[in-house]
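Here is a short tour for anyone meeting this fold for the first time. Take a look at the model, then read on.

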Amino acid sequence: MRVRSLPLQVRWVAVVAMLVSGTVLSAAESGLKAVCQVRPTKGNQCRGVVIFQQTRDGKIRVTARIRGLNPGKKHAIHIHQFGDCRDLAGKSAGGHYNPAEKPHGLPPAAERHAGDLGNLEADDNGMAKYTIVVDNISLGGENSVLGRAIVVHALPDDGGQPTGNAGARIGCGVIGIANPEWKPMKKK
Ligand SMILES: [Cu+2]
Ligand SMILES: [Zn+2]
């Protein structure tokens with residue numbers, strides 16, 4: 001917009017409008033949330049939801065609620081490179097998301113793939129709740145996980161090379177932009 005060519009009052013209105021719209025935009029951006037619905041691969045029961053939310057200090061809080069796991073057992077959870085769960089065994093999701101070309105590892109080790117989120121720990125009912133705050137992924141721009149996949153494995157991630165010996169892929173889901181207005185229906 002060529003502000004100089006406008007009368008003075010209109011100029012001020014234009015400047016204020018630009019400032020206000022800028023403020024609104026950055027507030028919306030800081031609240032950006034991503035969601036991944038994990039579904040079982042063929043022959044498995046693993047399903048659930050993983051939420052990604054930006055924290056005030058620019059980190060990402062990852063919260064997973066997954067069921068259909070082996071009771072009392074650990075299961076690796078990773079971000080894989082491709083948001084592609086077409087393969088019946090989850091192979092189309094590719095390898096661990098690794099934009100910084102690091103070796104595989106377990107958090108909180110700094111030397112690890114950006115996709116290395118560690119392990120879920122299932123309770124006696126095969127359900128797991130897991131939260132981890134990480135600083136090596138984002139929800140847009142560099143190291144963005146949007147459009148990539150969450151993969152849950154049959155076995156624990158033991159931190160070994162190249163991918164933690166985590167076995168088969170029992171759940172897979174694509175990470176997308178969450179609808180901020182959607183709420184689950186209340187159970188009656
Ligand atoms: Cu994996
Ligand atoms: Zn890895």
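## An edge and its neighbour

β4 and β5 pair over 4 bridges in the antiparallel sense; strands are DSSP E runs of at least two residues, numbered from the N terminus, and two of them pair if DSSP finds at least two bridges between them. Of the 6 residues of β5, 5 are buried, so β5 is largely enclosed by the rest of the structure (buried means 20 or more other C-beta atoms within 10 Å of a residue's own, with C-beta atoms placed from the backbone).

This is a predicted model, where local features need pLDDT of at least 70 and side-chain atom pairs count only at pLDDT 80 or more, while totals for chains, interfaces and linings use all residues. Residues are numbered from 1 along each chain as its sequence is written, and chains are lettered from A and ligands numbered from 1 in the order in which they are written.

## The whole sheet

Zoom out and you get an open sheet of 8 strands, in the order β5-β4-β7-β8-β1-β2-β3-β6, with antiparallel pairing. β5 and β6 stand at the edges with a single partner strand each, so one side of each has no neighbour in the sheet.

Elsewhere in the sheet, β1 and β2 run antiparallel and are joined by 6 bridges. Val 35 sits opposite Ile 51 in β2.

## The core

The largest nonpolar core has 33 residues, and Val 38, Ile 66, Leu 120, Ala 149, Ile 150 and Val 152 touch the most other members. Such a core is a set of buried Ala, Val, Leu, Ile, Met, Phe, Trp, Tyr and Cys residues joined through C-beta atoms within 7 Å.

Notes
A residue is buried if 20 or more other C-beta atoms lie within 10 Å of its own, exposed if 12 or fewer, and partly exposed in between; C-beta atoms are placed from the backbone.
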